[in-house]
Amino acid sequence: MIIRPHAEQAYAHELSALQAADTHPKPQGWLLSPWAVATYILGGEVEGQVIEPKYFGQRRLIEVAIATLATDRALLLLGVPGTAKTWVSEHLAAAISGGSTLLVQGTAGIAEDALRYGWNYARLLAEGPSENAMVPSPVMAGMNAGKIVRVEELTRIPAEVQDTLITLLSEKTMPVPELNTEIQAQQGFNIIATANDRDKGVNELSSALRRRFNTVVLPLPQSLEEEVNIVQNRVVALGNTLRLPESAAPLAEIRRLVTIFRELRNGKTEDGKAKLKSPSATLSTAEAISVVHQGQSLAVHFGNGAMNAQDLAAGLQGAILKDPTNDLGVWQEYLEQVVRKREGWQDLYRACKDLTD
Ligand SMILES: Nc1ncnc2c1ncn2[C@@H]1O[C@H](COP(=O)(O)OP(=O)(O)O)[C@@H](O)[C@H]1O
Ligand SMILES: [Mg+2]
């Protein structure tokens, strides 16, 4: 049993139902029409098969993202950490190309090879430069196969390496000077890049490269209810794979957690009455999902089966106290100013105090 199946494996049944029902026009090289891709991401129903929503948020954003990929421009998903950039890009690739595994993880140490090609040195020495001796990057493989390639954390890649993508995106070719030839991309090839706009040590995108991308900004959830809904949905899905019952993560506890995250993130209480200090950690939706998930696991294995204030408190501390010198003060102030005074939250106040004292 695989720990984490790829999107195209986990949702194979949805993708084939959509493919069977799809009568809308498909761009060359796409497995599904833009309409079917949008239905796959946002949810719906085709011929009795329920399509689960993967992304919760504005429909228009997803439509713009999909429409971009059907043109000759690449797609850049931008946003603060935990806004589902990676998640959306995986599902887009799965729906459009049938696979999400052509992936380059952007890091500061990445070399051009990772975006172009490398060499199998044993072969290179034995046979000299030949197509056989080449080790194609995921980008090259995607050009050859006419598939979507994902580049994660584009702005962590040094600027001069990023610029490798310029020719590739404007000419849709990759020169191979060693073999005196070039690779021409097949229809269906495109790039989805993701980047955090609140990352330390980022490399700005050069304006030449930025022009090759259409940017779609994925926002943080607007309302408390929306965010609670996202967290609950993802927790249920994660719980299913780990056999944690849905009842282990009661909605009331999820709502408390999301409220705390939002208040600390926004620097004010939900009713807008009190100003608060924010901790250094990015308290994202994704982080909320893992805190609930952890609480659920604590409750099932060591508690009474349903996440309560104690289980929640343990996860909260871990998520919020990332920089011990600064965050502890912020957190204690929040506990005293908000949690202690809020009706029905005394159990949580005690549980958190027991951990910090
Ligand atoms: N609006 C949303 N809709 C659905 N899932 C979301 C949303 N926001 C966050 N998530 C969840 O958060 C988790 C982490 O998202 P991820 O794609 O890794 O974030 P990013 O790449 O933006 O840092 C995913 O499991 C995803 O399901
Ligand atoms: Mg990401």
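Predicted model: local features only at pLDDT ≥ 70, side-chain atom pairs only at ≥ 80, totals over all residues.
**View 1. The hairpin of strand 8 and strand 9**. Strand 8 covers residues 173-176, and strand 9 covers residues 181-184. The two strands pair in the antiparallel sense, and four bridges join them. Among the paired residues, proline 175 has glutamate 182 in strand 9 as its bridge partner. Four residues lie between the strands of this hairpin, where asparagine 180 takes a positive phi near 55 degrees.

**View 2. Threonine 83 in the loop between strand 3 and helix 5**. Strand 3 spans residues 74-79, and helix 5 spans residues 85-97. Threonine 83 counts as buried because its relative accessibility is 6%, and the cut-off for buried is under 20%. The side chain of threonine 83 reaches the backbone oxygen of valine 80 at 2.7 Å. The side chains of threonine 83 and lysine 85 are joined by a polar contact of 3.4 Å. With neighbours within four places in sequence left aside, threonine 83 is in contact with Tyr55, Leu218, Pro219 and Leu220.

**View 3. Proline 221 in the loop between strand 11 and helix 11**. The loop is set between residues 213-217, which form strand 11, and residues 224-241, which form helix 11. Proline 221 has a relative accessibility of 11% and therefore counts as buried. With neighbours within four places in sequence left aside, the contacts of proline 221 are Glu226, Glu227, Ile230, Arg262 and Thr285. Glutamine 58 is 163 residues from proline 221 in sequence, while their C-alpha atoms are 9.7 Å apart in space.

Notes. Residues numbered from 1 in each chain as written. Chains lettered and ligands numbered in written order. Heavy atoms only, no water. Pairing = 2+ DSSP bridges. Buried < 20%, exposed > 50% of the residue type's maximum accessible area, 1.4 Å probe, protein only. Contact = heavy atoms within 4.5 Å. Polar contact = N/O pair within 3.5 Å; in protein donor to acceptor, adjacent residues only side chain to side chain.
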